[in-house]
Amino acid sequence: MKKIILSIAMFAIAMALLIAVILPLAEHGRENGQKVEVQMDSVDTKVSSLSTAITR
């Protein structure tokens with residue numbers, strides 16, 4: 001009986017950790033990834049404009 005209660009308690013702790021720590025970190029990582037993607041597009045555009053032929 002003690003093992004069952006201990007198993008349930010460990011499962012509850014694992015779920016609390018998942019909800020309280022891991023999911024917010026994943027959300028934060030996704031938001032940063034989207035910001036970086038926008039910045040990368042901007043950098044690509046600037047680099048492409050630099051690589052055009054220079055006329056004299």
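This is a predicted model: local features need pLDDT of at least 70, side-chain atom pairs count only at pLDDT 80 or more; totals for chains, interfaces and linings use all residues.
Residues are numbered from 1 along each chain as its sequence is written, and side-chain values use heavy atoms, with hydrogens and water left out. The protein contains 1 helix and 0 strands, where helices (H or I, at least four residues) and strands (E, at least two) are DSSP runs numbered from the N terminus.

**Overall form**

- The radius of gyration, taken over C-alpha atoms, is 24 Å for the protein, whereas a compact globule of 56 residues would have a value near 10 Å; the globule rule is 2.2 Å times the number of residues to the power 0.38.
- Along its principal axes, the C-alpha trace of the protein spans about 85 × 15 × 5 Å.

**Helix 1**

- Helix 1 covers residues 2-50, and at 1.5 Å a residue its 49 residues should span 72 Å, which agrees with the 69 Å between its end C-alpha atoms; the expected span is 1.5 Å times one less than the number of residues.
- A kink of about 35° in helix 1 is centred on Leu 18, the bend at a residue being the angle between axes fitted to the seven residues ending there and the seven starting there.

**Exposure and surface**

- Buried residues make up 0% of the 56 residues in the protein, where buried means under 20% relative accessible area, exposed over 50%, and partly exposed in between, with a 1.4 Å probe and protein chains only.
- Ala 20 counts as exposed because its relative accessibility is 57%, and Leu 25 counts as exposed because its value is 58%.
- Met 15, found in helix 1, counts as partly exposed at 34% relative accessibility, and His 28 is partly exposed with a relative accessible area of 45%.
- The protein exposes about 5400 Å², of which carbon and sulfur atoms supply 71%; accessible areas come from the Shrake-Rupley method with a 1.4 Å probe, and for residues only the protein chains shown count as cover.
- A nonpolar patch on the surface, with about 830 Å² of accessible area together, is formed by Phe 11, Met 15, Leu 17, Leu 18, Ile 19, Val 21, Ile 22, Leu 23 and Leu 25.
- Patches are made of residues with over 30% relative accessible area and no salt bridge, with like charges joined within 9 Å and nonpolar side chains (Val, Leu, Ile, Met, Phe, Trp, Tyr) within 5 Å.

**Charge pairing**

- Side chains of opposite charge can pair when their charged atoms come close.
- The count comes to 1 salt bridge, defined as a side-chain nitrogen of Lys or Arg within 4 Å of a carboxyl oxygen of Asp or Glu.
- The side chains of Arg 30 and Glu 27 meet in a salt bridge at 2.8 Å, N to O, and these residues are separated by about one helical turn because they are 3 residues apart in helix 1.
- Arg 30 is partly exposed, with a relative accessible area of 47%, and Glu 27 counts as partly exposed at 38% relative accessibility.
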